[in-house]
Amino acid sequence: MREINLQFISTKFLSVLVTAAFIIILIASFGAVADNYKSGTTYYSALLILVVTIVVAALLVKLPKKVFLVLLLLLSVILRLIWINNIHTLNVSDFEIMYKSAVRAAKGDFGFTSEGIYFNRWAYQLGFTMYQAFILHLFGEGTYTLKLFNILFSTGTVIMIYLIATRLFNEFCGRIGSILYALFIPNIALASVLTNQHLAAFLFYLSFYLLITRFESSKYMWILIGILLSAGDIIRPLGSLILLAVGLYVVIAYFFNNVNKRGFILLGKLAGLIAVYYLFHALVSSSFISSGVTQYPLGNREPLWKFVTGLNHDTTGVFSDEDAKYLSKFPLGKERDDASKQLIQERIEDKEALWDLFQEKFLYMWATMDDGSLIWGLRSKVHDYSDLMETLNMYERFMYLSMAFLVAVSMLKLTLERKVNVHVCLIFLLIIGYMSIHLLIEIQTRYRYFIIPSFMILQSYGIFTIYTFYKNAFFQKKVPAPS
């Protein structure tokens, strides 16, 4: 009897799900672009810039590795430096609260944690606030240094895309994926915003790279991976979702291929990784409490809020002022949780309406323009950036549409291939998990930030697929498959 290959079946099943998701995204995105940009010079300008971008990327791919990496770093840093030096972004909302709190913390004043309700409700925001306080303590007050660190970590993520795509596919894919991410407009626009997304994404993708390359071969790398995942979650709480993806990845990529003593050793490493994750989290949390920074553990004391908002049919899962005002009538704790549960229960009772909401949320989150990043990046009291925003929104649409198309090509190729690098299932799991959770919780197009590097990694293989087809069809020169 033929042995069932659980590893192959699992990877193919995941690839089918991601393929279906991106075909839907592609169709919806194409419709939006066709409706909004039917004619005009700006339409052709955007297409021209997109073509030039791909041509430049293709030329950079041919450079020696060291030269390429230097130019890649310069490209990423210079574009973001130009942005933060010329765009006067207004620091508002949560970003303003955390920055002002960080200024006080840098001076040893932690009174902000007991003033108002912000850090009482969302104690997890202290992680990023204390990171900013550390930077301000070292370099002095002002937002410019923090923006420079945004550039540093954003560029670090560019390098992670290069390394991961190269490992999963080949050098061509690593170069193409990293270049296109360095040029990605929403990422550049957020360089001037004091958001926790830059640092968190870098920590998470660094941990993914080590997980793919060193988890099995290294005796103790699981410790560092656990610390990096925990640190990323402390900065931006995505850890539970990511831990689930990591756990499933280890089972599929390592255990299914080693259902023996070796496999159980690898599961032991996974258990150790998870233990380190929670231990590091607890140590940081307890250190904040013992030093008088806060009286609450790092966490969300209103965990149902994101689901209340995310299941709001009237706002299509976007932030609801009405919900916020209603729940503010109840004291934080059991009473507010009970009121939240009641709202959630009411919103999931009509299954047909709930299914419609999921469809609307999916299309809004993954097929519409990412004006959220540009709205935050171009918010200013000094200048009116409305014309620039309109232009950049158009360019973003064409970049995103081409990315959706290329990911769809990549996924169709990966799904049809008889053999695939099993480690790519980590990217599949991250995408599926991230898309799924946003069917339930509050959505903003800015929240795409974390998963866009995964899209870029898959996009690179789509470009490689088209490139190899072109070379083989017109030059009769076989291009080697990715190693």
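Where is the place of Glu349? Glu349 sits in the loop between helix H16 (334-348) and H17, where helices (H or I, at least four residues) and strands (E, at least two) are DSSP runs, numbered from the N terminus. With a relative accessibility of 53%, Glu349 counts as exposed; here buried means under 20% relative accessible area, exposed over 50% and partly exposed in between, with a 1.4 Å probe and protein chains only. The model is predicted, so to speak of local features takes a pLDDT of at least 70 and side-chain atom pairs count only at pLDDT 80 or more, while totals for chains, interfaces and linings use all residues. Residues are numbered from 1 along each chain as its sequence is written, and side-chain values use heavy atoms, with hydrogens and water left out.

Glu349 belongs to a patch of negative charge on the surface, together with Glu346, Asp350, Glu352, Asp356 and Glu360. Patches are made of residues with over 30% relative accessible area and no salt bridge; like charges are joined within 9 Å, and nonpolar side chains (Val, Leu, Ile, Met, Phe, Trp, Tyr) within 5 Å. For the charges, Lys and Arg count as positive and Asp and Glu as negative, while His and the chain ends are not counted. The place of a charge is taken as NZ of Lys, CZ of Arg, CG of Asp or CD of Glu. Helix H17 (residues 351-367) gives the negative patch its largest share, three residues.

The surface also has a nonpolar patch. Val67, Val70, Leu71, Leu74, Ile78 and Ile82 form this one, and together they have about 490 Å² of accessible area, a value that comes from the Shrake-Rupley method with a 1.4 Å probe, where for residues only the protein chains shown count as cover. One of the six, Leu71, is found in helix H3 (residues 65-86). Leu71 is partly exposed, at 36% relative accessible area.

Next come the charged pairs. Side chains of opposite charge can pair when their charged atoms come close. A salt bridge is a side-chain nitrogen of Lys or Arg within 4 Å of a carboxyl oxygen of Asp or Glu, and a search of the whole structure turns up 13 of them. Take Lys100 and Glu96: their closest N and O atoms are 3.0 Å apart. The two residues are four apart in helix H4 (residues 93-106), so about one helical turn separates them. Glu96 is partly exposed, at 29% relative accessibility.

Lys107 and Glu141 make another salt bridge, at 3.7 Å from N to O. Lys107 lies in the loop between H4 and helix H5 (118-121), and Glu141 in the loop between helix H6 (126-139) and helix H7 (143-168), so this pair ties together parts that are 34 residues apart in sequence. Both ends are out in the open: Lys107 is exposed at 66% relative accessible area, and Glu141 is exposed at 58%.

The bridge between Glu417 and Lys413 is 2.7 Å from N to O. Here Glu417 is buried, with a relative accessible area of 15%, whereas Lys413 is partly exposed at 34%. Salt bridges can also join up, and Arg104, Asp109 and Glu115 are linked in a network of them.

What about the cysteines? The search of the whole structure finds zero disulfides, a disulfide being a pair of cysteine sulfur atoms within 2.5 Å. For Cys173, the nearest cysteine sulfur is that of Cys425, 17 Å away. Cys173 is buried, at 0% relative accessibility, and Cys425 is buried at 0% too.

A few residues are left to mention. Lys329 is in the loop between helix H15 (321-327) and H16, and is exposed at 64% relative accessible area. Turning to backbone angles, Ser93 has a phi near 60°, a positive value in a residue other than glycine. Ser93 is in helix H4 and is partly exposed, at 37% relative accessible area. Thr316 also has a positive phi, near 55°, and is likewise a residue other than glycine. Thr316 is placed in the loop between helix H14 (305-310) and H15.
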